[in-house]
Amino acid sequence: KPEGGALVVVSNLTRKTATAALVIDWEKLKGPGELRVVDALSNEAVPLIGDAVTLSIAPLSFHLLRVD
């Protein structure tokens, strides 16, 4: 996005549930204001611990996150 932020795909291509830990470098995304992560499909907020997100991803599935 020109004003900062990103659309991020996190996938699990295995046949077992996986956990993904993401640390978001907010400075590189040039986001104005406070960091916010939302599930782009459900529009639900994704909890942050500092600048990090931890996701449980079902087998052969994905999460689409909007970071802004």
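How many bridges join strand β2 to β4, and do the two run parallel or antiparallel? Six bridges join strand β2 (residues 18–23) to β4, and the two run antiparallel. Please keep in mind as you read that this is a predicted model.

- Strand β4 spans residues 52–57, and its covered face is made up of V53, L55 and I57.
- The uncovered face of β4 holds A52, T54 and S56.
- I57, on the covered face, is the bridge partner of A18 in β4.

**Around N12**

- N12 belongs to strand β1 (residues 6–12).
- N12 counts as buried because its relative accessibility is 3%, and the cut-off for buried is under 20%.
- Two backbone oxygens are worth a look here: the side chain of N12 reaches that of K16 at 2.7 Å, and a polar atom of the N12 side chain lies 3.2 Å from that of A58.
- Setting aside neighbours within four places in sequence, N12 is in contact with T17, A18, I57, A58, P59, L60 and S61.
- Among these contacts of N12 are A18 and I57, the two residues that are bridge partners.

**Positive phi outside glycine**

- N43 has a phi near 65 degrees, a positive value in a residue other than glycine.
- You will find N43 in the loop between β3 (37–39) and β4, and N43 counts as exposed because its relative accessibility is 53%.
- L60 also has a positive phi, near 50 degrees, and is likewise a residue other than glycine.
- L60 sits in the loop between β4 and β5 (61–67), and is one of the residues in contact with N12.

**Salt bridges**

- The model has two salt bridges, and R36, R66 and D68 are linked in a network of them.
- In one, the side chains of R36 and D68 meet at 3.3 Å, N to O.
- R36 lies in the loop between α1 (26–29) and β3, while D68 lies in the segment after β5, so this pair ties together parts that are 32 residues apart in sequence.
- In the other, R66 pairs with D68, with the closest N and O atoms 3.2 Å apart.
- D68 is buried, with a relative accessible area of 18%.
- R36 is partly exposed at 42%, and R66 counts as partly exposed at 23% relative accessibility.

Notes. Residues numbered from 1 in each chain as written. Predicted model: local features only at pLDDT ≥ 70, side-chain atom pairs only at ≥ 80, totals over all residues. Heavy atoms only, no water. Helix = DSSP H or I, 4+ residues; strand = E, 2+ residues; numbered from the N terminus. Buried < 20%, exposed > 50% of the residue type's maximum accessible area, 1.4 Å probe, protein only. Polar contact = N/O pair within 3.5 Å; in protein donor to acceptor, adjacent residues only side chain to side chain. Contact = heavy atoms within 4.5 Å. Pairing = 2+ DSSP bridges. Salt bridge = Lys/Arg side-chain N within 4 Å of Asp/Glu carboxyl O.
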